[in-house]
Amino acid sequence: MLELAFDARRGSFHLQVECRFASEWTVVFGPSGAGKSTLLRMLAGLELSESSQPQLARVSLDSRLLTDSAQGFRLKPGHRQTTMVAQQSALFPHMSVAANVAYGLGSLDGASRSARVQEMLQLVNAHNLIDRRPRDLSGGEAQRIALARALAPKPRLLLLDEPFSALDGAASDALLARLQDWTSKHRVQTVIATHDATDALATAAEVALLRAGRLAALGPAAEVLAAERQRLQNRLAGQ
Amino acid sequence: MDWQALALTLKLATVTTAILLAVAIPLAAWLVLGRSRWLAALEAFAALPLVLPPTVLGFFLLVLLGPRTAFGRGITSLLGHPLAFSFSGLVIGSVIYSLPFAVQPLVAGFASIDSSLIDAARLLGASPARIVTTLLVPLARRSLIAAAVLSFLHTMGEFGVVLMLGGDIPGATRTLSIVLYNQVENFDYAAANRTAAILLGLSAIALAAIYLGGRTRGGRRA
């Protein structure tokens with residue numbers, strides 16, 4: 001269970017959220033600029049810009065405290081068992097795909113590391129790309145590799161910020177299904193931020209609806225996104 | 001041609017460049033990755049030799065390393081000889097004098113690296129040292145070469161610090177720029193021309209290597 005409370009300002013934007021994500025798979029849904037990426041960065045323990053330091057930040061995962069600004073406590077990003085795939089795939093451009101995926105596996109011996117890399121690349125259906133360099137990958141391939149890299153250390157919390165934006169609908173759905181199976185099997189709590197209602201509705205997930213930095217609703221996708229679902233149905237019916 | 005001075009100059013530039021890179025890489029990484037409010041003051045301090053007259057720096061170091069200060073007396077008793085007017089003293093002076101020429105290209109190179117790569121490495125558990133060795137240094141390779149070449153050339157051409165701190169001791173502190181100064185003072189313009197040509201040639205070759213290296217790696221980006 002992920003519990004969080006944030007209060008941070010940047011100019012006129014004010015992110016103020018306090019909630020509990022009880023589901024293993026939570027979609028943070030909202031329009032661009034709602035504060036989804038900021039929320040994920042704060043969950044990851046990454047610094048915000050100098051001008052948007054939080055007044056309040058508290059995060060705990062399964063009762064383990066990760067951040068508590070009141071106590072001046074913040075576990076460093078690499079010590080939170082949390083990984084993230086951002087909108088930019090951020091692959092290390094001078095390393096092969098295999099080296100990218102293995103980057104967070106420093107504690108494993110060579111054979112285990114190699115086996116984990118193979119396993120992760122199979123999972124994201126990118127095993128044929130193992131020797132490629134990031135510059136030789138398409139946008140969708142780069143997102144698959146970034147996902148494999150984030151999954152490889154088997155984190156307890158996985159944060160995904162619009163991770164399938166470069167994949168087409170069928171590929172995105174297939175990858176999402178495999179990813180959900182894997183995170184469920186390994187008990188990885190996942191928070192996925194998206195502004196795409198079809199992505200949000202594709203999983204039977206808990207949905208947190210974020211609007212202008214505030215939590216507008218939190219609950220099952222069918223309830224929280226009922227209006228979005230109706231809008232999509234109307235659009236399809238009109239075609 | 002004073003081969004002894006040429007050898008000493010090359011030795012001084014090589015030792016200084018090696019020390020500078022060892023100091024400047026972690027310093028530049030700290031300036032780029034760190035969040036302390038004191039880092040701006042540290043960056044300004046590291047850039048100070050750019051605007052400080054070399055003779056002023058040489059004078060300060062001469063006093064600091066000499067018998068007038070407790071630090072200088074301590075160093076003398078530790079080493080058995082004073083650092084002023086020695087090769088070791090020249091190395092210290094050169095490292096301080098050329099520090100900004102190593103730090104500034106590295107800061108520019110490290111700062112140009114996409115911060116999302118640094119965030120990704122942090123989230124995957126990389127320590128600051130690992131981020132430096134696996135990301136910053138390989139991705140800012142051209143800045144590293146520029147820092148090394150500029151430090152080397154700047155040390156080769158330094159005069160004020162060398163004269164103040166080292167004097168003119170053959171084999172110990174007499175570098176090519178001191179030889180050039182002596183030759184001009186003695187109206188030996190033919191020898192001075194040869195010495196100046198060597199300094200000019202080395203500088204031109206090294207700078208050409210930087211720019212050619214950049215172009216062969218595909219364009220003008222660092």
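Which residue just after α3(A) takes a positive phi? In this predicted model, that residue is Asn125(A), with a phi of about 60 degrees.

Four residues of α3(A) are examined here for burial. Arg116(A), Val117(A), Met120(A) and Leu121(A) are buried. They cover an arc of only 130 degrees around the axis and therefore sit on the same side of α3(A). An α-helix has 3.6 residues a turn, so residues three or four places apart point the same way. The face turned away from the buried side carries exposed residues: Ala111(A), Ser112(A), Ala115(A) and Gln122(A). Cover for the buried residues of α3(A) includes α2 (97–102) and α4 (139–151) of chain A.

Chain A is assigned two domains: domain 1 (2–81 + 157–238) and domain 2 (92–154). Their C-alpha centres lie 24 Å apart. Domain 1 of chain A gives 10 residues to the contact, and domain 2 of chain A gives nine. On the domain 1 side, helix α5 (residues 169–185) of chain A supplies the largest share, four residues. That side divides into eight nonpolar residues, one polar and one charged.

Chain A also meets chain B. The contact joins 17 residues of chain A to 15 residues of chain B. Strand β7 (residues 82–85) of chain A provides the largest share of the chain A side, three residues. By class, the chain A side has nine nonpolar, seven polar and one charged residues.

Key:
Residues numbered from 1 in each chain as written. Chains lettered and ligands numbered in written order. Predicted model: local features only at pLDDT ≥ 70, side-chain atom pairs only at ≥ 80, totals over all residues. Contact = placed C-beta atoms within 7 Å. Helix = DSSP H or I, 4+ residues; strand = E, 2+ residues; numbered from the N terminus. Nonpolar A, V, L, I, M, F, W, Y, C, P; charged D, E, K, R; others polar. Buried ≥ 20, exposed ≤ 12 C-beta atoms within 10 Å, placed from the backbone. Arc of directions from axis to C-beta. Domains from an automatic or database assignment.
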